[in-house]
Amino acid sequence: MSRVFVSLDTSALALGAERVAQAIAAEAKQRGAAVEIVRNGSRGLFWLEPLVEVEAGGQRLAYGPVAPRDVASLFEAGFLAGGAHALALGPTQDIAYLARQERLTFARVGLTDPLSLDDYRAHGGWRGLENALALAPAAIVREVTDSGLRGRGGAAFPAGTKWETVRGAGAEQKYIVCNADEGDSGTFSDRMLMEGDPFCLIEGMAIAGLAVGATQGYLYLRSEYPQAARILAAAIAKAREAGWLGADVGGSGRAFDIELRLGAGAYICGEETALLESLEGRRGIVRAKPPLPALAGLFGRPTAVNNVMTLAAAPLILERGAAYYRDYGMGRSRGTLPFQLAGNIRHGGLVEKAFGVTLNELLHDFGGGTLSGRPIRAVQVGGPLGAWIPPAQFDVPLDYERYGEIGAMLGHGGIVVFDDSVNMLRMARHAMEFCAEESCGKCTPCRIGSTRGVEVLDRVAANRDREAQLALLDSLCDTLLHGSACALGGMTPYPVLSALRHFPEDFGIGSQDHAP
Ligand SMILES: Cc1cc2nc3c(=O)[nH]c(=O)nc-3n(C[C@H](O)[C@H](O)[C@H](O)COP(=O)(O)O)c2cc1C
Ligand code: SF4
């Protein structure tokens, strides 16, 4: 029986993977070839999707991008045994884009059948949880603290510190909430992991539950991810059936279970307190802090809210130990970040690298420059609230602190590329418009200031009283920065002011004195 792998990941499906899988099944039937088609996660090399892999000679060989019309010729070429073909890419693991990565969190994604418990086990699954079950809660937290893991949802808060606060909070009931709202533009690492290795997230949530003393977890998933929802629901049911969730986790006598909840499409529901409101059945409006969710979160109980990538890093840390994870990275940014290359880029996809890699490496060595073939003019790092980075800063190491020094942030690792046809005044206007549309309405600078910001930028574009309007924009951004109750309003000035600072010519000015 030959094993053929075709991805079930949303991006691969969007590029035609389902039709390719069907064409392979039909062709195999017609030829009487014994073929098992495994639906794996995506390797994250999107320009090669639909990627088809075969197991031959003890390794995985790749062909791509495959269209249904290529399937007959692949059989003709004997691809089941690794035959030569124009679409042949050689051993998957040797494709430079993959070979040069440091895949820790994504080690299994694309390799395994996401819903096979046997496959998960055979590739190191549940070992972290088993180790955690043998440790006292404080020792689990210590391991995570020592690993240097910081929150991957955007704020980069140390995960161990948050877990320690929840652990130390006295309460009968505590919760783990997984933030899978993934609203940032150009980001998809959470989705890829949930679709390609859902047991890893389940294991991470169970470890978090044991660490802080929570018996119930909620997985808050954006409803725009229906494939992830199907896969997670199936994976949670399988994990429960196998005894990894429920009243007796791994036969330990300790309880932890997970409930999947769907969001309704608001960017602000990714903000942790608005998310908690939404989970409780109310409109997603930001809560005042304090109290911290770690002390009074879901239903007023101590709650650890963590991003998918944060939780999915926990199994490896508990399996290999804190030092293994901490060995990657630079400064206070330890471990790896799965960067997501999107926008106008030739080789878009997922690149997991240790902190310290530069945009030059990601955009050129991995990304291969723009898809349009024109020069890169600007890159937005960290989602819609992230600063615009000009080519002069492409050699700054991607590290939380170094990015902070240049008035930027890494956020969730989204990197959106634009060529020299982009107009940065329009991008600044877009940031204000985005803030106006997504504002929860709680505070004035964000609710009203963002709408005024759009109007001011429209007057700048129309060259109406430009000097005075730019001064007004500076003052408005200052109010947003310092007067907003959360980072939606508080960070909208980042894309606006970085566009103004690095690309003043697009605003009709030559000076560079509008720095944030
Ligand atoms: C407007 C806004 C949107 C956010 N969206 C997300 C999101 O989609 N996913 C996420 O994990 N964190 C998001 N965050 C960050 C969360 O508030 C919170 O910091 C995070 O869930 C904590 O988990 P971590 O420490 O593991 O990163 C957002 C924050 C703001 C202000
Ligand atoms: S900054 Fe905007 S999104 Fe945040 S609390 Fe205020 S109004 Fe709501």
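**Figure 1. Division of the predicted model into four domains.** In this predicted model, the chain is split into domain 1 (2-99), domain 2 (117-326), domain 3 (329-419) and domain 4 (424-507).

**Figure 2. The contact between domain 1 and domain 3.** Taken over C-alpha atoms, the centres of domain 1 and domain 3 are separated by 30 Å. Where the two domains meet, five residues of domain 1 contact eight residues of domain 3. The area buried between domain 1 and domain 3 is about 510 Å², with 58% of it on carbon and sulfur atoms. On the side of domain 1 that touches domain 3, four residues are nonpolar, one is polar and none is charged. Four residue pairs are in polar contact between domain 1 and domain 3, counting pairs with both residues at pLDDT 80 or more. The number of salt bridges between domain 1 and domain 3 is zero.

**Figure 3. An open sheet of five strands with mixed pairing.** The strand order is β13-β12-β16-β14-β15. Strands β13 (349-354) and β15 (388-389) are at the edges and have a single partner strand each, so one side of each lacks a neighbour in the sheet. Within the sheet, β12 (residues 336-343) and β16 (residues 414-419) run parallel and are joined by four bridges. L341 has I415 of β16 as its bridge partner.

**Figure 4. The cis peptide bond between G64 and P65.** Omega for this bond is about -10°. P65 belongs to the loop that links β4 (59-63) and α3 (71-76). Most peptide bonds are trans.

**Figure 5. The loop between α12 and β9, with P290 and F299.** The loop lies between α12 (272-279) and β9 (303-307), and P290 is found in it. The peptide bond from K289 to P290 is cis, and its omega is near -5°. F299 is also placed in the loop between α12 and β9. F299, a residue other than glycine, has a positive phi, near 50°. Most residues other than glycine have a negative phi.

**Figure 6. The salt bridge between E319 and R127.** The side chains of E319 and R127 meet at 3.2 Å, N to O. E319 is part of helix α13 (residues 308-320) and R127 is part of helix α6 (residues 127-133), so the pair ties together parts that lie 192 residues apart in sequence. Side chains of opposite charge can pair when their charged atoms come close. The structure as a whole holds 33 salt bridges.

Notes:
Residues are numbered from 1 along each chain as its sequence is written. Chains are lettered from A and ligands numbered from 1 in the order in which they are written. This is a predicted model: local features need pLDDT of at least 70, side-chain atom pairs count only at pLDDT 80 or more; totals for chains, interfaces and linings use all residues. Side-chain values use heavy atoms; hydrogens and water are left out. Domain bounds come from an automatic or database domain assignment. Contact means heavy atoms within 4.5 Å. Buried area is the accessible area (1.4 Å probe) that two parts lose on being put together, summed over both. A salt bridge is a side-chain nitrogen of Lys or Arg within 4 Å of a carboxyl oxygen of Asp or Glu. A polar contact is a pair of N or O atoms within 3.5 Å; within protein, one must be able to donate a hydrogen and the other to accept it, and residues adjacent in sequence count only if both atoms are side-chain atoms. Ala, Val, Leu, Ile, Met, Phe, Trp, Tyr, Cys and Pro count as nonpolar, Asp, Glu, Lys and Arg as charged, and the others, Gly among them, as polar. Two strands pair if DSSP finds at least two bridges between them. Helices (H or I, at least four residues) and strands (E, at least two) are DSSP runs, numbered from the N terminus.
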